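Here's a quick tour for someone meeting this chain for the opening time. Take a look at the sequence and the fold, then read on.

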Amino acid sequence: MRRAAKMPRIVVVVYDEGAVSPAEIVTGLKEVGEVVFALPPSDHNDGMAPLIDDLATCVHIPEEAIDEVRALRPDAVLTFSASGAYD
């Protein structure tokens with residue numbers, strides 16, 4: 001009996017100012033799964049979005065987040081930011 005191929009893991013990382021660099025995040029999580037960045041609206045993320053788009057899939061939140069992240073069926077959601085974007 002042939003076993004079904006295991007689906008790749010998807011790790012959603014909520015990113016904003018104060019986090020480690022996007023390249024470090026992708027490198028650090030490469031053994032865990034595919035990184036998808038969720039970017040809340042901020043001046044920092046507006047400037048970083050082109051770089052992040054070159055490294056991984058990006059979802060801009062909150063506008064697109066719920067449906068797009070749900071469709072990805074992530075195995076984990078992480079944040080590496082302490083910027084207080086939601087204060």
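## The model and its layout

This is a predicted model, where local features need pLDDT of at least 70, side-chain atom pairs count only at pLDDT 80 or more, and totals for chains, interfaces and linings use all residues. Residues are numbered from 1 along each chain as its sequence is written, and side-chain values use heavy atoms, with hydrogens and water left out.

The chain has 3 helices and 4 strands, running β-α-β-α-β-α-β from the N terminus. Helices (H or I, at least four residues) and strands (E, at least two) are DSSP runs, numbered from the N terminus. Of the 87 residues, 33% are buried, meaning under 20% relative accessible area with a 1.4 Å probe, protein chains only.

## Helix H2

H2 covers residues 43-55. This helix bends by about 50° at alanine 49, with proline 50 following within four residues; the bend is the angle between axes fitted to the seven residues ending there and the seven starting there.

Its buried residues are Asn45, Met48, Ala49 and Ile52. Their cover includes helix H1 (22-29) and strands E2 (34-39) and E3 (57-60).

## The cores

A nonpolar core is a set of buried Ala, Val, Leu, Ile, Met, Phe, Trp, Tyr and Cys residues joined through side-chain atoms within 4.5 Å. The largest has 14 residues, and Ile52 is among those touching the most other members. Strand E1 (10-14), H1, E2 and H2 each give two or more residues to this core.

A second, separate core of 8 residues includes Val12, Val14, Ala38 and Ile61.

Methods:
The expected span of a helix is 1.5 Å times one less than its number of residues. Buried means under 20% relative accessible area, exposed over 50%, partly exposed in between (1.4 Å probe, protein chains only). Contact means heavy atoms within 4.5 Å.
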